[in-house]
Amino acid sequence: MKNMLTKITCSFIALSAVLISCKKDTLNIDNPNTLTATQFWKTEADAQSGLNAAYTMFYKPGIWSRWIYFRLDLTSDEGWSQSPWIELGDWTRFQYVNYDFWEGNVNTFRDTYKAVFRCNQVLDNIENIPFADNNKKEQIKAQAKFLRALHYYYAALLWENVPLVLVTSKADDMPQQNTLQEVWAQVEKDLTEAAQALPAKWDDASVGRPTKGAVMGFLARTYMQQHKWTEAKNALDYFFTGDGRGMYSLVPSFKDNFTHYNENNSESVFEIQFSDANIGGGDGDDPNQGMGNNREQFFAPRGIGWSDGQARHWMVDEFKKEKTIDGKLDPRLQSTLFYKEITQDFGDKIYGRDWQWGDDEAWFRKYQRDYYRTTEDYYAQVNNRLIRYADILLLYAEVLNELGQTASAYQYVDQVRARATLNKLEVTHPEIGNDKAKFKERLKMERELELCGESVRWADLKRWGDLDSQAAVDKVAQRDPDFKNFVVGKHIRLPLPQQEVNNNTNLKQNPGY
Amino acid sequence: MKVIKHFLKAMLYAFPSQAMRKATLLPLILISSFGSVFSQTTTKVSGTVADSSGSVLSNVTVTEKGSSTRAETAVNGAFTISISNPNAVLVFSLLGYAPKEVSVAGQTMINVSLQQVSNSLQDVVVVGYGTQKKSSLTGAVSVVRPEEIQKRQATTVGEALQGLATGVNVRGGGQPGSEASIQIRGLKNMSNANPLYVIDGMITTANRDFNPDDIESLQILKDASAAAIYGSRAANGVIIITTKKGKSGPMRIDFSGKASVQQTPKYSLTATPAFVKLNDTAYSNAGIPQSNWQKHNLNNNTDWQDAAFQTGNMQDYNLSFSGGGNSGSYLVSANYFDNKGTVISTGFKRIGLRVNTQGTKGIFSIGENVAITNAQSDEMSGNPYVDVVRMLPTISIYNPNNPGGYGYGNEDSARTFGTNPVAHADLEDQKNENFRVRGNVWSELKFLPYLKYRLNLGYETSNDHYNYFRKKGSWTLNQPDDPSIANENRARFQSSLIENTLNFNKTFGKHSVAAVVGQTYQHDYYEQIWGNKRNMLYNPTTNTYYKVLDQGNTPTTGGYINEAVLLSYLGRVEYSYDDKYLLNGVIRRDGTSRLGAANRWGNFPSVSAAWRISREKFFNVSWIDDLKLRASYGTLGSSNIGYWDYIPVINTNSTMVVGTDQHLEAGATQVKLVNSDLRWEQLVQQNYGFDAVFLQNRLSVTAEYFIAETKDVLTPMPILLTTGNDGGNPYVNAVTLRNKGFEFSATYRENRTPVKYFGTVNVTTLRNKVSDLGYNRSRLFDGNTVTAIGNPIGMWYLLQTDGLFQNQAEIDAYKNKDGKVIQPDAKPGDIRFLDNNGDGQITNDDKAIVGSPWPKWEMGLNLGVSYKNFDLTMNWFGSFGAKVYNGYHSVVDRFDDNSNYRSDVSPWSPTNTNTSFPRIVYATTLNSRGDTERWLEDGSFFRMKYISLGYTIPARALKTIGFSSAQISLSAQNLITFTKYQGLDPEFVNTNIFQKGFDNFAFPNLKTYTVSLQFGF
């Protein structure tokens, strides 16, 4: 009996010993699904992949595949919303009730910082990765900086006082808030550094990555938003007197800027490369993720797409004010808008349909794919020409005018007008002469007619001060009654997501909200 | 023996780790080396023990009075005891029976009959790795009688538990195949509040694959001392289920059949004429010219509820064969369960087979419990409970002009993005099928009457199959033109459990000691592959699609693996002196693969004590039969997180488009942030209670007070958007949460009169309070709630309303102290909001905490009466004092966006001013905004969950047809509800704990009427 107890005890001790000895291995289970972060960021290829993942952010709905067009195009006086989804529409007419409205605010804010997180990972990790060719390393860093600057540029336009996150995030981060000036300064810094390493041109396989021209375009825009005209001119000089001279030209057909044919053409300064390769893919970071633009589905007329956003009709009238040198309608109108008389004016149908909508309604036609389809979906492959040479020409004209060189500004406007077969500006509008203010006023409309629906209008209105006084806003409201809701000093910027203000004690809500 | 050895060997192949095989081999050696029965040379007395009806009783303890010699009866009731004194007195005792003393007086063969005692204190309670007498319990344990569960028509055990135990809150069910959510003693953490299920020793979940009819006993371990033996997984409580076993005797056949019809509650919505009137008013109030109003299609008058809902039905059949002999017992049972849902195109079907057997030879016993189940569900597409509200009566169900042929919104005549539920059910179909085998094999070796070794090998596997098919066609306005899609995944889940335990149980005079030590190992493994195809082949002749993945194009596939291990050591000592002073100590040490190496191991101790005052000599109160005071203190844990949440990983799914050829290049980056230093969440709980029995066992009362503090709660606490994190918030040990509660339960039972009756009332009150939120935060906002330190979780944080403006003068007069008109845009009939910060405008800063989603108290009431062969039972459940958000009203009453409307609204108008319902206006969110008090309601309710009338057919009548028992009953569930709540069902579930009180079109409880028949022969 005693013997037996001893045996049992011994056996049990032995058993426990076996278990204890195996516990270390037993509880170590490697994740069989993917690399861990510590196994990554070792090679040049890792750095390149990390950078590519930052480009993937262009396909996220918070920003360039969907909602940012609501902020930049619909909120401006070019567009509006008649969406039955009232809250979605309210966010295009300055009726911001719930600051945590995902589609109107939070998604865009989150995806902006998601992109920044990816850029920061590249920039922080690349320093420890050995490169055979240091130039390649610098180019990867420069691209990451360009992308980070691009996202902060739009964050500055939208919310202004955002925190600058410049290192790889940690879960418990609580960054300080930055002023608009500080955000602009960081954008300038990143772009200036990116310009050092980026090539003027990429080889065919890399076309679509930012060139030095793309950097200079954004740098000029950044300076111009701050009215730093001299610095802006210096940046833009790249295209006219610098290394970029002669590299860009307007494509003969205006329409070529808005279809999936003839992408990355001579007019293209920077394009977001969209593709319909993964039709059916989702927005998430999953296999088979979608890489198309959803804008087309959201902006297509009722019955074709969601029609959550459409164009204001006043632009049709503006286009019709001036005829071409051979007495026809401005050909840009045909490619820019859908409106009731488009069949009568140009013989075009609307996605193969007759006009069946309101008499004073209009929709954006740029980027819409009616040129080869009768329906839309979430996977439009048409590249978004974020900066094209026509924009550069008009920006240059604006800068020269601001610097008092109005006379030399004409030629750049005229290049743009010439493609539209319009007469020279000085011929059509001799009253302007060298009057800086008058020139600027006309230039505003020249930009509108050329760039309508291309997501530059909101920045333009801000830069021109058209939203800074009640008198100015009243003028805008004549074109777009949504601006009757606009409160000067408040709606110039979006509210920060309320949850972010609540959860980050370093953050103050934007003034007025 | 050899057979067993082979069998055990075979089992070992089920376990992956080499080390684990070694671990399990040792007990095998143990079994082999103690294979022979040891003997003594004294007088042997043997015999059989049976109950009053003649059924043999096993596990009856036979002791020689005044000595330590003891024996136990076997499965066939037989015992043999070797005694030194041929004139000794033998004491026969068994829990639940009155002990009996018999003088041996030289006999060598003694047959004894024991009398059952109907005192619940004598019940045996399974407490995990052992059993205890209810009277000896020192912790908080609820026992639910299986008949109570089986009487109800329920898919899962959880659903049937409501109101049957104090402190156990159950919500859910209704939808075919849906699983109920259970909260034991309030919210312990932020993730998964469901308790741990232990079925026949297998640690698992009692999901819809488990047949409630298989339950023989069910106990709920509620406090730390009771649950500590399950350590790290017990923080949410433990539900221990033992399945039915065969009983000694000839084969018994039992059948039960239940058939039910089910009805969903419905909304009271407008039909076309009333709808048109309200809709036109809303447009008119918005100043929209009449030419732009909806051009209603007055020919349509669709009742979308009739279209989407149907009368459901359930059938549940159980057939079992059971019996046993001298050395073993068996039970074979089969189950067929079928539920046609109350929502079109939904259903659930289960076919199950169970085989439980056990056998004994000498000191060795072995047994197995295995259940094989196939469960199929046809899942609901979208949420028809929203759809029927958002669809307008002016839309027809079918419309041949639309792609797919179904009616939906139209810009001119019916402007809504509502989903046609009939179209959605047809065009998008989801099916789930799970084939599961779950069971365990155990063997016991009783070296000595007081020492028992047990090896338990549990194994569970399921083959899961998910099918999704999307036909071409639309169910809502302006829907993108999607192709047909087939998506299918197949997965396998496996969980293996190895447990070695040693039980010691001995009485030394008045001292009694029971102890258990053990080790357990559980390995979980899941793998899935999926495939997706588009543009599936269509057969125009039959109007059907070919759904196999061979068809279609643009294939995509994927797959992943999850794996985890939990390794534990456990020990428990119970000591009692004269059944008067009871002490209990438990410790469990757990190691998990889900946490980083430095934080993997956690210790979870607990102690508890009880004092049965009624056994003291000085206690001399004739009307108190038993009185026990209890106290416990203990720590439980939780690592209820993902498999590798502590390791940051690289997402390699990113792609970019680049190049003149627009080719794709791969990207990879970290998308989701993690906190690498995750550690065990710990629940420290104190429990104080008493159990008392009065009036000759007629009245029993239990009351408990507990304080539970959960520290380092593992929670995916929202982190800042500026981190750029995606893929879900990372887990963090952040919150500290305190629950204090009081539970009271009283039962009065009268069995001695011709009319027998009983009544049980149980009452629970609970308060939770957050004392830390992590990330240095003092408040956390989620939806319309705020969780602030010092307050309960998820308090309503909304704009306060103050009636309606009756005229322009009131609007103009509504100013702040600086004279600023607060709501200058308001019109008469609009809601007046409180400008709490006095800044003269209504903003987020004016929001205030306006109510708690937590009920102040909850109550269960069980009543029963029987007379001769009839019995009537009912069960009521009530929850009182919660403020809930009526999601239904927040949609149907908004008017800014078109939906159907309630048929009984009385909106403000210049001629109808005596109303609290504001002016209705299309396209402005002024009155309809979601973040206001307008949508809060009192969520109190008192509901008859169950009522049943049964008739037991008299034995005499049955004999003639060869039956031994038969019962027929009629019952109903959710028949009567008292509530002021105006939503569909006050008893709703919202799985987001921060928005617990938000009734977001939850699937309601159904009215169910059941006929059931049970018989045995």
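Helices α9(A) and α14(A) pack at an angle of about 140 degrees, so they are oblique to each other. Angles under 35 degrees count as roughly parallel, over 145 as roughly antiparallel, 65 to 115 as roughly perpendicular and the rest as oblique. This is a predicted model, in which local features need pLDDT of at least 70, side-chain atom pairs count only at pLDDT 80 or more, and totals for chains, interfaces and linings use all residues. Residues are numbered from 1 along each chain as its sequence is written, while chains are lettered from A and ligands numbered from 1 in the order in which they are written.

**Helix α9(A) against α14(A)**
- α9 spans residues 229-240 of chain A and α14 spans residues 389-402; their axes lie 10 Å apart. Axes are lines fitted to C-alpha atoms, for helices over the stretch in contact, with angles from 0 to 180 degrees between N-to-C directions.
- Helices (H or I, at least four residues) are DSSP runs, numbered from the N terminus.
- On the α9(A) side, the meeting residues include A:Trp229, A:Leu236 and A:Phe240; on α14(A), they include A:Ile392, A:Tyr396 and A:Val399.
- This contact divides into nine nonpolar, no polar and two charged residues. Ala, Val, Leu, Ile, Met, Phe, Trp, Tyr, Cys and Pro count as nonpolar, Asp, Glu, Lys and Arg as charged, and the others, Gly among them, as polar.

**Helix α14(A) against α17(A)**
- The axes of α14(A) and α17(A) (residues 436-451) come within 10 Å and cross at roughly 170 degrees. The two helices are therefore roughly antiparallel.
- A:Asp391, A:Leu394 and A:Glu398 are among the α14(A) residues in the contact; A:Lys440, A:Leu443 and A:Arg447 are among those of α17(A).
- By class, this contact has six nonpolar, one polar and seven charged residues.

**Nonpolar cores**
- The largest nonpolar core has 163 residues, and A:Ala54, A:Phe146, A:Val215 and A:Leu236 have the most contacts inside it. Such a core is a set of buried Ala, Val, Leu, Ile, Met, Phe, Trp, Tyr and Cys residues joined through C-beta atoms within 7 Å. Buried means 20 or more other C-beta atoms within 10 Å of a residue's own, with C-beta atoms placed from the backbone.
- Helix α6 (residues 134-158) of chain A gives the largest share of this core, 14 residues.
- A second, separate core of 67 residues includes B:Phe210 and B:Tyr230.

**Chain A against chain B**
- 94 residues of chain A are in contact with 85 of chain B. Contact means C-beta atoms, placed from the backbone, within 7 Å.
- α1(A) supplies the largest share of the chain A side, 14 residues.
- That side has 42 nonpolar, 33 polar and 19 charged residues.

Terms used. Two residues are in contact if their C-beta atoms, placed from the backbone, lie within 7 Å. A residue is buried if 20 or more other C-beta atoms lie within 10 Å of its own, exposed if 12 or fewer, and partly exposed in between; C-beta atoms are placed from the backbone.
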